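Please read the following report alongside the sequence and the model.

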Amino acid sequence: METSRSNDPLVPSETACDLVTVPTRQGLEAVDILRRGARDAVGPVLHDHGHDTLAFLVPPGTAAAWDVPGSTCTETDGRGLRLAPEPPVEGSDWLLPPGEADLATDPAVLQRALGEAARLIEAADSCR
């Protein structure tokens, strides 16, 4: 069986990206941190209700070097990912839809925001 990139005109090759997936709580904190720093610092973000996660679109190749505890980075190569107003996965929706954000979040900036979010959550939980 031969596999190749889609020739579907609705899936341009520039939609190839990787996805950094984190628990929803940490992801929401990171989105807030990113948006406070620079409004355009965060790209599209997908919320998967069924798995209680957020997925940040990051540039292709990020997965090869991603090593952030509590998160995963998946290479998509554009397979099955459509940057359209409708969410690409059933049971999910766009927290920040394509078109309202940059094409992808800078991985270094995201890594710092996720670290800060984890520290904020840990501090908040220790006050209970």
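How far is the sulfur of Cys17 from the closest cysteine sulfur? The closest one belongs to Cys73 and lies 9.2 Å away, which is too far for a bond. A disulfide is here a pair of cysteine sulfur atoms within 2.5 Å, and by this rule the count comes to zero disulfides. Cys17 is buried, with a relative accessible area of 5%, whereas Cys127, at 69% relative accessibility, counts as exposed. In these terms, buried means under 20% relative accessible area, exposed means over 50%, and partly exposed is in between, with a 1.4 Å probe and protein chains only.

The model is predicted, so that local features need pLDDT of at least 70 and side-chain atom pairs count only at pLDDT 80 or more, while totals for chains, interfaces and linings use all residues. Residues are numbered from 1 along each chain as its sequence is written, and side-chain values use heavy atoms, with hydrogens and water left out.

**Overall fold**

The protein has two helices and five strands, and from the N terminus on its elements run β-α-β-β-β-β-α. Helices (H or I, at least four residues) and strands (E, at least two) are DSSP runs, numbered from the N terminus. Of the 128 residues in the protein, 37% are buried. Among contacts between residues at least 6 apart in sequence, 80% join residues at least 24 apart, a contact being heavy atoms within 4.5 Å.

**The nonpolar cores**

A nonpolar core is a set of buried Ala, Val, Leu, Ile, Met, Phe, Trp, Tyr and Cys residues joined through side-chain atoms within 4.5 Å. The largest such core holds 20 residues, and those that touch the most other members are Val20, Leu34, Val45, Phe56, Trp66, Leu110 and Leu114. At least two residues of this core come from each of strand E1 (18-23), helix H1 (24-37), strand E3 (53-58) and helix H2 (107-126). Another core, of six residues, lies apart from it and includes Cys17, Leu19, Ala55 and Trp94.

Which residues does Trp66 contact, leaving aside its neighbours within four places in sequence? They are Val20, Ser71, Thr72, Cys73, Pro107, Leu110, Gln111 and Leu114.

**How the two helices meet**

H1 and H2 pack with their axes 8 Å apart and at an angle of about 120°. Axes are lines fitted to C-alpha atoms, for helices over the stretch in contact, and angles run from 0 to 180 degrees between N-to-C directions. The two helices are therefore oblique to each other, because angles under 35 degrees count as roughly parallel, over 145 as roughly antiparallel, 65 to 115 as roughly perpendicular and the rest as oblique. On the H1 side, the residues making the contact include Arg25, Gln26, Ala30 and Leu34, and on the H2 side they include Leu110, Leu114, Ala117 and Ile121.

**Single residues**

| Pair | Apart in sequence | C-alpha to C-alpha |
|---|---|---|
| Gln26 and Gly115 | 89 residues | 9.1 Å |
| Gln111 and Ser71 | 40 residues | 9.9 Å |
| Arg25 and Thr53 | 28 residues | 8.1 Å |
| Val42 and Asp32 | ten residues | 9.6 Å |

Gln26 is found in helix H1 and is buried, with a relative accessible area of 12%. Leaving aside its neighbours within four places in sequence, Gln26 is in contact with Gly70, Leu114, Ala117, Ala118 and Ile121. Arg25 also belongs to helix H1, but at 39% relative accessibility Arg25 counts as partly exposed. With neighbours within four places again left out, Arg25 is in contact with Ile121, Ala124, Asp125 and Arg128.

Gln111, in helix H2, counts as partly exposed at 41% relative accessibility. Beyond its neighbours within four places in sequence, Gln111 is in contact with Trp66 and Val68.

Two loop residues complete the account. Val42 lies in the loop between H1 and E2 and is buried, with a relative accessible area of 2%. Asp52 lies in the loop between strand E2 (45-48) and E3, and at 48% relative accessibility Asp52 counts as partly exposed. Although Asp52 is not a glycine, it has a positive phi of about 55°. Most residues other than glycine have a negative phi.
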